[in-house]
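Please look over the sequence and the model before reading on.

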Amino acid sequence: MVVEADTISEEEKIPKRFLLKICRDLIKAGIIESARGKNGGYILAKNPEDITMKDVILAVEGTLALNRCQIDPSACSKRATGYCAVHKAFCSVMEIVAKEFEKYNFAELAKMDGN
């Protein structure tokens with residue numbers, strides 16, 4: 001079902017300008033599509049069961065990393081090379097977080113929402 005941006009903005013209490021930015025990211029990632037015209041708006045490009053929280057976070061944020069050094073080791077302020085206990089801990093935590101975000105798809109979240 002196609003839903004107008006105004007409706008999403010009002011129902012989810014998201015400023016429309018911010019919503020439109022998020023929608024651009026989600027379109028780029030193939031999660032939603034835009035429908036133009038009189039009855040235009042946004043529609044899911046995939047089944048809700050096939051869209052995870054991880055997919056959406058990656059589409060909007062670009063990464064799940066806690067720190068830049070997880071993406072780019074040269075960003076380390078310590079200039080640590082090789083073993084870094086903090087980097088290793090961040091990576092370990094993010095593996096767990098990524099797996100948890102993969103567990104939740106939008107069909108399940110809609111059921112949990114209670115609306």
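The model is predicted: local features need pLDDT of at least 70, side-chain atom pairs count only at pLDDT 80 or more, and totals for chains, interfaces and linings use all residues. Residues are numbered from 1 along each chain as its sequence is written, and side-chain values use heavy atoms, with hydrogens and water left out.

**Salt bridges**

Side chains of opposite charge can pair when their charged atoms come close. The structure holds four salt bridges, a term for a side-chain nitrogen of Lys or Arg within 4 Å of a carboxyl oxygen of Asp or Glu.

Helices are DSSP runs (H or I, at least four residues), numbered from the N terminus. With a relative accessible area of 17%, D25 is buried, whereas K21 is partly exposed at 38%. Here buried means under 20% relative accessible area, exposed means over 50%, and partly exposed lies in between (1.4 Å probe, protein chains only). In helix α4, E100 and K103 are three residues apart, again about one turn; E100 is partly exposed at 33% relative accessibility, and K103 is exposed at 52%.

**A negative patch**

E10, E11, E12 and D113 form a negative surface patch. Such a patch joins like charges within 9 Å, using residues with over 30% relative accessible area and no salt bridge. Helix α1 (residues 5–12) supplies the largest share, three residues, while D113 is found in helix α5 (residues 106–113).

**Two loop residues**

K13 sits in the loop between α1 and α2 (16–28). Its phi is near 55 degrees, a positive value in a residue other than glycine, and K13 counts as exposed at 72% relative accessibility.

Q70 is placed in the loop between α3 (53–61) and α4 (85–103) and counts as buried, at 19% relative accessibility. Leaving aside residues up to four places away in sequence, Q70 touches A65, H87, F90, C91 and M94, where contact means heavy atoms within 4.5 Å.

Technical notes:
Patch = residues over 30% accessible without salt bridge, like charges linked within 9 Å, V, L, I, M, F, W, Y side chains within 5 Å. Areas by Shrake-Rupley, 256 points an atom, 1.4 Å probe, with all protein chains shown as cover. Lys, Arg positive; Asp, Glu negative; His and termini not counted. Charge placed at Lys NZ, Arg CZ, Asp CG, Glu CD.
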